Amino acid sequence: MPVIAPMPAARPTQLPSQREGAECSVAAGTTVDHLTETYRAHYRSLLGLAALLLDDTASCEDVVQEAFIRVHSARSRVREPEKTLAYLRQTVVNLSRSALRRRILGLKLLSKPMPDMASAEEGAYDQLERDALIKAMRGLQRRQREVLVLRYFADMTEAQVAETLGISLGSVKAYGSRGIAALRVVMEAQA
């Protein structure tokens with residue numbers, strides 16, 4: 001990891017000749033020309049590094065470009081210019097991690113997909129089947145219809161149906177099986 005000098009709080013007063021010499025030594029390898037040469041020489045390798053961490057080319061290019069922009073803006077703080085490439089590599093890795101974090105967060109925040117909805121055609125067929133079933137139910141004997149409605153539409157147990165209608169458990173079973181048999185005959189005749 002490159003050495004980055006903290007921003008000085010206050011500069012000590014120097015003589016003009018000392019100040020010029022110090023600035024030249026710090027800025028010698030961190031000039032725009034040095035970054036341009038680093039870009040030309042290492043852009044593809046940095047792009048390859050990003051490609052190992054990310055999955056699409058556009059994101060890789062964005063990460064590498066952003067890394068160069070950040071190094072350019074911080075070039076005055078890099079004390080050892082030969083570590084510019086190391087600083088770039090670390091910046092590419094950090095930016096790739098950030099990009100992946102944003103993607104994961106985005107996926108978590110996506111709304112859940114709506115359940116598959118029936119098409120209008122399916123709805124029409126379902127309605128026709130319901131209408132046919134209701135018509136067939138009306139053709140049943142009153143007790144058969146009551147037992148089937150309470151047992152299958154009200155979701156009652158046979159014992160609850162017997163108690164509700166005031167008949168025996170055996171009668172509930174008999175009315176239920178005869179009613180289903182009658183419905184089956186009517187529904188198969190319509191199909």
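1. Helices, numbered from the N terminus, are here DSSP runs of H or I with at least four residues, and strands are runs of E with at least two. On that basis the protein, which is a predicted model, has 8 helices and 0 strands, and its elements read α-α-α-α-α-α-α-α from the N terminus on.

2. On confidence, the average pLDDT of the protein is 80, with 82% of the residues scoring at least 70. Residues 1-29, however, have a pLDDT below 50, and this stretch makes 20 contacts in the model beyond near neighbours in sequence. Where pLDDT is low, the predicted coordinates should not be read in detail.

3. As to the overall picture, the protein has 191 residues, of which 25% are buried. Of the contacts with a separation of 6 or more, 62% are accounted for by residues 24 or more positions apart. The accessible surface comes to about 13700 Å², and carbon and sulfur atoms contribute 57% of that surface.

4. Just after helix 7, Gly166 adopts a positive phi of about 75 degrees.

5. Helix 6 (residues 142-153) contains Phe153, a residue that also belongs to a nonpolar surface patch formed with Val149 and Tyr152. Together these three residues present about 330 Å² of accessible area. Phe153 counts as exposed because its relative accessibility is 57%, where the cut-off for that class is over 50%.

6. Is Ser59, by contrast of topic, buried or exposed? Ser59 lies in helix 3, which covers residues 57-73, and its relative accessible area is 17%, so it is classed as buried, the limit being under 20%. Leaving aside residues up to four places away in sequence, Ser59 touches Leu54 and Arg103.

Terms used
Residues numbered from 1 in each chain as written. Predicted model: local features only at pLDDT ≥ 70, side-chain atom pairs only at ≥ 80, totals over all residues. Heavy atoms only, no water. pLDDT = per-residue confidence, 0-100. Contact = heavy atoms within 4.5 Å. Buried < 20%, exposed > 50% of the residue type's maximum accessible area, 1.4 Å probe, protein only. Areas by Shrake-Rupley, 256 points an atom, 1.4 Å probe, with all protein chains shown as cover. Patch = residues over 30% accessible without salt bridge, like charges linked within 9 Å, V, L, I, M, F, W, Y side chains within 5 Å. Salt bridge = Lys/Arg side-chain N within 4 Å of Asp/Glu carboxyl O.
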